[in-house]
Amino acid sequence: MIKKMSPSDGEFNIPDKNCHRMVVLGSTKVGKSALVSRFLGERFDDQYTPTIEDFHRKFYSIRGELYQLDILDTSGNHPFPAMRRLSILTGDVFVLVFSLDSRESFLEVQRLKRQIHETKSCLKNKTKESADAPVVICGNKCDRGDFHRQVTEEEVERLVAGDEGTDIGTGTCCAYFEISAKRNANVDLMFQTLFTLAKLPAEMSPDRHRNVSPQCCEEAALRRKSFRGGKKAKDAAAAAYGIVAPFARRPSVHSDLLYIKEKAVGGGQAKDRGCVIC
Ligand SMILES: Nc1nc2c(ncn2[C@@H]2O[C@H](COP(=O)(O)OP(=O)(O)OP(=O)(O)O)[C@@H](O)[C@H]2O)c(=O)[nH]1
Ligand SMILES: [Mg+2]
């Protein structure tokens, strides 16, 4: 929902209601960055590079309407808990990743699901936002097989349903997928489900639109003009395109904080009511 445009993005003029932020959370080395790479149409990398925090932005034209999706790839080491809390406060949709071969990473996803619910509940009464933000839980590395598996399907089902003994919401906005970022297995279906849960177009999923390079943008705009009114214009309006912004910069922490403060009715009153923003 945070709309921050660099000057070169200004021409897109995307309505606020079409700007969303997807936050990817989970323990270290579970494959968050590998999953984000798949989302951005990049190749899988066997090399591990720790993430501090990566920000990406993707623009879409879907059935004639423009959308902006910001993607926050967080650190599994979470050296700054306040940053994690801020990423939850500013996030609209969440991907929680654990590795099927790591029980500890599953326990971390349990904690994260609870933290998302508690953090969003804090804003709930002050905004129209629901406490049950759309969440998809991913059991990654299913390519490693049952021999390495440390988490049972029943345990995950209980977590998704929200009845594993903790009061963490109804679970109505939660789904689970076993995926492999390495093999690109179940990844597209997982994203489609996430966007559907969030009431966003399923075409935002990587397999449901055509990726266009930023250089093609102007050309496409020109062609749109020349197609105006014709069959080609109608076809273009019905289609779905995506562009990964090449030099997207993360909005500053300050602007994120201001956004949350404005969102929480009364801003400063939030603290009096027990809602500490950072
Ligand atoms: N076998 C297998 N390995 C994977 C898969 N996804 C990621 N990996 C590997 O797991 C390691 C960690 O992947 P990352 O995507 O960097 O993990 P991360 O969760 O982003 O880690 P942090 O940035 O430290 O939080 C890398 O060596 C990846 O190549 C998968 O689906 N299967
Ligand atoms: Mg990473």
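The part in question is helix α5, so which of its residues are buried, and what covers them?

Analyst: This is a predicted model, in which local features need pLDDT of at least 70 and side-chain atom pairs count only at pLDDT 80 or more, while totals for chains, interfaces and linings use all residues. Residues are numbered from 1 along each chain as its sequence is written, and chains are lettered from A and ligands numbered from 1 in the order in which they are written.

Helix α5 spans residues 187-197, and its buried residues are Val 187, Met 190, Phe 191, Leu 194 and Phe 195. Helices here are DSSP runs of H or I with at least four residues, strands are runs of E with at least two, and both are numbered from the N terminus. A residue is buried if 20 or more other C-beta atoms lie within 10 Å of its own, exposed if 12 or fewer, and partly exposed in between, with C-beta atoms placed from the backbone. Viewed down the axis of α5, the buried residues fall within an arc of 130°, so they line one face of the helix; the arc is that of the directions from the helix axis to the C-beta atoms.

The cover over these residues includes α1, β4 (93-99), β5 (135-140) and β6 (174-178). After α5 comes Lys 199, with a positive phi near 60°.

Helix α1 (residues 32-39), part of that cover, also gives the most to the shell around ligand 1, with 3 residues. A residue is near the ligand if its C-beta atom, placed from the backbone, lies within 6 Å of it. The shell holds 22 residues, of which Gly 31, Ser 33, Thr 51, Gly 76 and Lys 182 come nearest.

Ala 133 is buried, with 22 other C-beta atoms within 10 Å. Beyond its neighbours within four places in sequence, the contacts of Ala 133 include Val 93, Phe 94, Ile 116 and Cys 173, a contact being two C-beta atoms, placed from the backbone, within 7 Å. The C-alpha atoms of Ala 133 and Phe 94 are 7.5 Å apart, although 39 residues separate the two along the chain.

As for confidence, the mean pLDDT of the chain is 83, and 76% of its residues reach 70 or more; pLDDT is the predictor's confidence in each residue, from 0 to 100. Over residues 165-171 the pLDDT is below 50, and this stretch has 14 contacts in the model beyond near neighbours in sequence.
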